[in-house]
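Here is a short report on the structure below. It covers charged pairs, sheets and helix packing.

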Amino acid sequence: MRVLLIEDDRQLADYLRKALGEVGVLTDHAADGREGLLQAAGGDYDALILDRMLPGLDGVAILRTLRASGNHTPVLILSALGEVDDRVAGLRAGGDDYLVKPFAFSELHARLEALLRRGQADAPQTRLRVLDLEMDLLKREVTRAGRPIQLQPREFRLLEYLMRHAGQVVTRTMLLEQVWDYHFDPQTNIIDVHISRLRGKIDKEFDPPLLQTVRGAGYLLRAQ
C-alpha cells in the first residue's frame, strides 16, 4: 500500500509516517499544498491523506483540481475544522472521508483500510482468468495457454458470462436473458449451436476440457 500524506505539521507528519510504516504502509510526504498537488497528480498512490488547511494551496482546492482532472484516488481529509458545514464542504469537493483532529491513529488506519476496500470493490474488472484461459475485456482478446482464440461477438459475450460464473452451473434461461437479452424461450437450438462452437474453440486442442454440459441443468465452465 502506497499513500501520499499532505500535511504541513511536521511533528504530526513524522508521527503518521512512522505509525503507518509500522502497519506496512509506504508513505510519501508533502509539506505544502502546491507540492502535494504535484505529487498527487504525478504519483501512483492507493490513497491520499490530505490536511484541510495548508500553505500554498488549501486541501479543498487540491481536491477540486484532482477530481476535475479525472484523478479518483481515494482521499481521507484531516482537519481541525469539525463543524457540519466544514465536513460537508470537504466531502462535496471530492473527499471520500473526513477525520477531525485530534484523532487516534487506530481510527485513521481503520478509515484508510475502509477506503481501500471500497476502491477495490469499485474498480472495474478488465481481465478474467479461469485456469489457463484468459480474457482481456478492454482489448476484446481471448487466449488459452498463451494461444490466441478468435471469437465472434456473441461467442465472446457467452464466454464472458461463463467465465464470470466459473465453477457454477448456468441454466439455459440465464444464458437467454444475460447473453441474448431474451426474456422468453425462442424454442430454438441457438444456445446449443453457440456452446458447440465455443467448445470447439476453447477445448478442442487443449487439455483439460473446460466447458461441460450438465444434463438437465445447463452448462458449467470448470474452475479447477
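E107 and R111 form a salt bridge, with their closest N and O atoms 2.8 Å apart. Both residues belong to helix α5. They are four residues apart, about one turn of the helix. The model is a predicted one.

The search of the whole structure gives 18 salt bridges. One of them joins the side chains of D51 and K101, at 3.2 Å from N to O. This pair links distant parts of the chain, 50 residues apart. D51 sits in strand β3, residues 47-51. K101 sits in the loop between β5 (97-100) and α5 (105-122).

Is D51 buried or exposed? The relative accessibility of D51 is 4%, so D51 counts as buried. The cut-off for buried is under 20%. K101 has 22% relative accessibility and therefore counts as partly exposed.

A salt bridge also forms between the side chains of D181 and R157, at 3.0 Å from N to O. D181 is partly exposed at 46% relative accessibility. R157 is partly exposed as well, with a relative accessible area of 30%.

## The antiparallel sheet

Four strands make up an open sheet with antiparallel pairing. Their order is β6-β7-β8-β9. The edge strands are β6 (127-130) and β9 (147-149), and each pairs on one side only. Neighbouring strands are turned by 25° against each other on average, direction ignored.

β6 pairs with strand β7 (residues 133-136) over four bridges, in the antiparallel sense. Which residue in β7 stands opposite R127? The residue is D136. Charge also connects these residues: a network of salt bridges links R127, R129, E134 and D136. Side chains of opposite charge can pair when their charged atoms come close.

Helix α6 covers residues 153-164. α6 lies across β6, β7 and β8 (141-144). Its direction runs at about 115° to β7.

α6 also meets α8. The two axes come within 10 Å and cross at roughly 80°. α6 and α8 are therefore roughly perpendicular to each other. On the α6 side, the contact involves R154, E155, L158, L159 and L162. On the α8 side are H194, I195, R197, L198, K201 and I202.

## The parallel sheet

Five strands form an open sheet with parallel pairing. The order is β2-β1-β3-β4-β5. β2 (26-30) and β5 stand at the edges with a single partner strand each, so one side of each has no neighbour in the sheet. From one strand to the next, the twist averages 20°.

Strand β4 (residues 75-79) pairs with β5 in the parallel sense, over four bridges. Which residue in β5 is the bridge partner of S79? The partner is V100.

## Helices on the parallel sheet

Helix α2 (residues 33-42) lies across β1 (2-6), β2 and β3. α2 runs at about 140° to β2. α3 packs on the sheet too, touching β1, β3 and β4. The direction of α3 makes about 150° with that of β3.

T65 is found in helix α3, which covers residues 59-68. With a relative accessible area of 39%, T65 is partly exposed. How far apart are the C-alpha atoms of T65 and L37? They are separated by 8.3 Å, while the two residues lie 28 residues apart along the chain.

Definitions and conventions: Residues numbered from 1 in each chain as written. Predicted model: local features only at pLDDT ≥ 70, side-chain atom pairs only at ≥ 80, totals over all residues. Heavy atoms only, no water. Pairing = 2+ DSSP bridges. Helix = DSSP H or I, 4+ residues; strand = E, 2+ residues; numbered from the N terminus. Axes fitted to C-alpha atoms, helices over the stretch in contact; angles between N-to-C directions. Contact = heavy atoms within 4.5 Å. Salt bridge = Lys/Arg side-chain N within 4 Å of Asp/Glu carboxyl O. Buried < 20%, exposed > 50% of the residue type's maximum accessible area, 1.4 Å probe, protein only. Parallel < 35°, antiparallel > 145°, perpendicular 65-115°, else oblique.
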